[in-house]
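Have a look at it first, then read on.

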Amino acid sequence: MIWHWLAALAAANGPSSGEPPVVQARSVAVEERSVADLQAMMTRGEASSEAITAAYLARIESMDRNGPSLRAIIAVEPGAMAEARAMDAERRAGRVRGPLHGVPVVVKDNIETRGGLPTTAGSLALSANVTRRDAPVVARLRAAGAVILGKTNLSEWANIRSTQSMSGWSAVGGLVKNPYAFDRSACGSSSGTGAAIAASFAAVGVGTETDGSITCPAAINGLVGLKPTVGLISRTHIVPISHSQDIAGPMGRSVADVAALFSAMIGSDPADAATKNADRHQRDYATGLSTASLKGVRIAVLRPEMSDEIEARYDNALAVLKAQGAVLVDAKMPALPGLGDAEFAVLLTELKTDLNTYLATTPASVKTRTLGDVMAFNMREAPREMPYFGQEIFAMAQDTKGLDDPAYKTALAKARRQAGPEGIDAILKTANASFYVAPSNGPAWLSDPVHGDNFGGPSASRLAAVSGYPHLTVPMGLVDGLPVGISFIGPAHSDGLLLRAGHVFERAGMLRQPPRYLPSVEAGAGLEGVR
């Protein structure tokens with residue numbers, strides 16, 4: 001799939017010998033460059049968007065299928081170079097659309113783009129899903145001047161097919177490797193976006209989350225990730241799981257980068273009723289980060305069960321917050337019996353309903369028109385689609401009775417009540433705090449095709465995911481050479497507050513370390529010279 005863009009480039013440049021052409025990187029260093037860095041380079045005339053885009057493409061070519069073979073990218077957009085040249089022409093004419101003008105961005109391959117690539121959600125069942133339409137969130141990025149560079153790999157069907165799934169694997173893209181240690185998971189389901197941004201295949205990227213699918217791969221790949229308030233960003237033309245919990249969100253190597261991308265993604269969409277008030281929240285969330293302060297801000301502190309190593313990193317992170325003037329208040333997670341079961345019941349019902357609705361909008365060339373069709377396809381293609389794990393969650397979803405089922409309605413009401421009023425709201429009220437913090441996840445585990453994921457350690461995602469409230473993760477250092485993050489979680493529409501707090505923490509702590517591209521954390525010697 002990576003050679004889609006190479007074929008298009010060859011066609012544009014004349015006859016091909018049949019071998020994929022080699023893209024020559026201009027003398028532009030893009031590794032670890034921020035959005036602001038790239039924008040400054042273009043403003044000063046030191047690099048063009050075309051040169052920056054070519055440099056990222058060359059890096060992808062050398063590292064994604066060759067070299068470390070990270071398999072973070074499913075396909076590169078054939079029109080990326082043309083878009084970059086168009087942004088350069090606008091800049092020469094005196095028009096700069098904003099902070100993302102000419103900046104390459106990658107998007108997860110469950111999000112539709114107009115450029116002729118299929119949107120597969122990692123499944124061969126959607127290999128013909130060429131809709132030639134931009135999801136509204138992608139259209140907003142283009143309107144902001146971003147260059148859509150390519151589509152990232154993901155946990156197939158966003159990790160909702162099997163209880164035994166291996167995060168980061170899809171039949172279309174293979175297994176994503178973690179740039180910090182190739183034998184470790186990149187988590188999921190936004191695995192490819194996490195690995196791609198960690199490896200500097202772009203400055204920023206878009207993931208999607210139902211529960212943990214932005215924040216886990218962000219934390220485990222040493223990134224900042226924001227799961228926004230549900231309703232701020234359109235879900236139209238994104239392969240769905242749950243209209244109650246699904247949301248797209250930004251991932252980057254810094255809070256400022258994430259804020260810049262987030263600002264361009266927000267907006268109302270008539271086709272997504274949840275976003276009816278989104279326009280009210282449009283603003284530049286990166287503005288004011290540099291003057292943000294935590295002095296006197298009350299922060300609730302959760303201490304879930306965790307290893308000594310994670311606790312040490314967490315204690316250090318808390319010390320950073322305290323040194324910035326924050327008032328830390330110990331808090332406890334409320335007893336919320338049955339929340340996990342209620343959430344799962346909601347996801348099963350909405351998966352069947354929402355996926356069937358989405359599949360009905362796909363081109364006639366897509367022959368899987370329902371969840372049942374997808375299951376039958378998987379059975380026929382079992383050697384390719386199910387070599388490691390099955391589809392038992394799909395089977396459970398297929399047996400659900402729809403959105404009018406009283407059991408579904410009861411589960412939905414319980415999940416929302418427990419996660420919001422009895423969960424996050426109660427934590428903050430008891431502590432009289434603006435938001436709370438917790439360790440995001442444990443470090444990356446070994447990828448295991450036999451036993452699937454072995455998450456281990458704490459996980460902070462559920463309450464924010466089920467309630468629809470925002471959740472920001474920021475790197476807080478390494479445990480045995482693997483990244484871990486600290487989560488900032490607050491009430492609905494506290495996205496800006498969390499970004500400001502995360503920026504203060506990030507700036508004071510300076511705890512993120514770039515990947516060393518180790519075969520394993522035990523190996524010791526990496527591929528630090530890879531560019």
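1. Ground rules first. This is a predicted model, so to speak of local features takes a pLDDT of at least 70 and side-chain atom pairs count only at pLDDT 80 or more, while totals for chains, interfaces and linings use all residues. Residues are numbered from 1 along each chain as its sequence is written, and side-chain values use heavy atoms, with hydrogens and water left out.

2. Helices (H or I, at least four residues) and strands (E, at least two) are DSSP runs, numbered from the N terminus. Buried here means under 20% relative accessible area, exposed over 50%, and partly exposed in between (1.4 Å probe, protein chains only).

3. Now its partners. Two strands pair if DSSP finds at least two bridges between them. Strand 7 (residues 224-227) pairs with strand 12 in the antiparallel sense, over 3 bridges, and Leu226 has Leu472 as its bridge partner in strand 12. Strand 13 (residues 482-489) is also antiparallel to strand 12, with 7 bridges; there, Leu478 is bridged to Pro483. Strands 12 and 13 make a hairpin with 2 residues between them, and Asp480 in the turn has a positive phi of about 55°.

4. Asp109 sits in the loop between strand 2 (104-108) and helix 5 (136-143). Is Asp109 buried or exposed? Asp109 is buried, at a relative accessible area of 0%. Leaving aside neighbours within four places in sequence, its contacts (heavy atoms within 4.5 Å) include Ile74, Thr119, Lys151 and Leu154.

5. The disulfide count is 1, taking a disulfide as a pair of cysteine sulfur atoms within 2.5 Å. Cys187 and Cys216 form it, with their sulfur atoms 1.9 Å apart. The pair links distant parts of the chain, 29 residues apart: Cys187 is in the loop between strand 5 (174-175) and helix 6 (191-198), and Cys216 in helix 7 (residues 215-220). The link is right-handed, with 105° about the S-S bond. Cys187 is buried at 1% relative accessible area, and Cys216 is buried at 5%.

6. Last, helix 5. Its buried residues are Val137, Val138, Leu141 and Arg142. Viewed down the helix axis, they fall within an arc of 140°, so they line one face of helix 5; the arc is that of the directions from the helix axis to the C-beta atoms. Their packing partners include helix 4 (80-92) and strand 3 (147-152). Gly145 follows helix 5, with a positive phi near 95°.
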